[in-house]
Amino acid sequence: LSVVEVQATWPVGGDSRFVFRKNYAKYELFKSSPQSIFPEVMVSRCQDAANKGMSHLELIQNVLNSGSCPEIQGFLHLKEVGRKAWKRFYFSLRRSGLYYSTKGMSKDPRHLQYCVDINESVIYYISQGKKQYHTPTEYGFCIKPHKARSGLKGLKLFCCEDEQSRTCWMAAFRLFKYGIQLYRNYQQCQTRQKEPAWFGTVPLRSVSDNTLVAMDFSGCTGRVIENPNEALTVALEEARAWRKKTSQRYSLPTAFQSCPFGAAIHKMQPWFHGHISREDTQRLIIQQGLVDGLFLVRESQRNPKGFVLSLSHTQKVKHYLILPCEEEGRLYYTMDDGQTRFADLIQLVEFHQINRGILPCKLKHYCMCVAL
């Protein structure tokens, strides 16, 4: 649905607005671990695939590569507009639409009730579902018909047991509706990432680079260093000098570390979210994709001097306490009782972007600051 088309339905002077957010999981369902999005228990053809000697991953990958989607099944709570109670049904999502069983988990056509037309509907996340719609859990979504341009007519509310189930239902809905186009977009994205930054027959090393020579500027005038061994020695000395300059930031005197700038240098980083609650952290990370390596750093609510690294891994948000410690007049930060020490939070994050350390995966994407 185009942005302009949606905006055209808004009343003049109303309070409606668009909120855009980064979604790191946009193409995650086409990558190497789609089984994390489509768990085996929710894919109806897994038993048939097992009988043919095909693994769950092979089944999912084969279907995704064709721009299609396997049939999804599972329990959902349903509430139609105008009704107060939520009811739990066993649903099946097929290309022909969304159905629920009127008799337990039966898939007999006599017991299947047609619920939603995929091609004529749009799916949305529900925010603050417990407050607004009294959802049984926080993992809600809704499906709205195209024809219902305004109001709540035809709107159906659903609620899942956990975030993984909601991710599975919404991903399946997107695939059934836009599968081929999504897969083409993913292939184009992969192609762009593999393309070199230069085009044509331009060599990797330019002509000007070939004319560079080693110089010695220690005297009154510059001198070309013709001896290869001497040039190598100068290069090594220059590298040590740069290394020393870089390390100075991580070995600042205690007086500097105690000053406001030294203590607050991490506050300028895009991954630092300040005083944000654990619940808001989870909601923010879930909104931005819940992919492995998505992270943020925040102030600890329980420990006033500490911080927390919140990290997404295997569809869950995990939290790691960062504590400040002092030894021989120097302040450092640690997540493992001092076994690994960092001069500041920036060094801690940069280290774990390259090394996994005690974490289950490397830090890959920082969570964007948005209004919740």
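Trainee: Let's start with phenylalanine 91: is it buried or exposed, and how do you know?

Mentor: Bear in mind that this is a predicted model. Phenylalanine 91 has a relative accessible area of 0%, and buried means under 20%, so the residue counts as buried.

Trainee: What makes phenylalanine 91 and phenylalanine 158 an edge-to-face pair?

Mentor: Two values settle that. Their ring centres are 5.6 Å apart, and a pair needs centres within 6.5 Å. The planes sit at 80 degrees, and over 60 counts as edge-to-face, so that is the label the pair gets.

Trainee: Why do you say that this pair ties together parts that are apart in sequence?

Mentor: Phenylalanine 91 belongs to strand E2 (residues 87–94) and phenylalanine 158 to strand E7 (residues 156–159), so the pair links parts 67 residues apart in sequence. Both phenylalanine 91 and phenylalanine 158 are buried, too.

Trainee: Which residues form one aromatic cluster with those two?

Mentor: The cluster consists of Phe89, Phe91, Tyr100, Phe141 and Phe158. As for pairs, the count comes to ten aromatic pairs. One of them joins phenylalanine 89 and phenylalanine 91, at 6.4 Å centre to centre with 85 degrees between the planes, and is edge-to-face.

Trainee: How do you know that the charged end of arginine 94 sits over the ring of tyrosine 99?

Mentor: The distance to the ring centre is 5.7 Å, and the cut-off is within 6 Å, along with an angle of within 35 degrees of the ring normal. Arginine 94 is listed as sitting over that ring. Arginine 88 lies over the face of phenylalanine 75, at 4.0 Å from the ring centre.

Trainee: How many cavities of 30 Å³ or more does a search of the whole structure find?

Mentor: One. The largest cavity has a volume of about 40 Å³.

Trainee: What makes the lining of the largest cavity nonpolar by class?

Mentor: Its lining has nine nonpolar, no polar and no charged residues. Among them are Leu76, Leu93, Ile123, Phe141 and Trp169. Helix H5 gives the largest share, three residues.

Trainee: And by class, what lines the second largest pocket?

Mentor: That lining has seven nonpolar, eight polar and six charged residues. The space there is about 420 Å³, and of the 21 lining residues, the closest to the centre are Tyr24, Glu28, Lys31, Val291 and His365. H5 gives the most to this lining, with four residues.

How values were computed: Residues are numbered from 1 along each chain as its sequence is written. This is a predicted model: local features need pLDDT of at least 70, side-chain atom pairs count only at pLDDT 80 or more; totals for chains, interfaces and linings use all residues. Side-chain values use heavy atoms; hydrogens and water are left out. Rings of Phe, Tyr and Trp (its six-membered ring) pair if their centres lie within 6.5 Å; planes under 30 degrees apart count as stacked, over 60 as edge-to-face and the rest as tilted. Buried means under 20% relative accessible area, exposed over 50%, partly exposed in between (1.4 Å probe, protein chains only). Helices (H or I, at least four residues) and strands (E, at least two) are DSSP runs, numbered from the N terminus. On a 1 Å grid over the protein atoms alone, a cavity is a set of points where a 1.4 Å probe fits but cannot get out, and a pocket is an open set with protein on both sides within 12 Å along at least five of seven lines; lining residues have an atom within 4 Å of a point. Grid points are joined across faces, edges and corners, and a volume is the space filled by probe spheres set on the points. Ala, Val, Leu, Ile, Met, Phe, Trp, Tyr, Cys and Pro count as nonpolar, Asp, Glu, Lys and Arg as charged, and the others, Gly among them, as polar.
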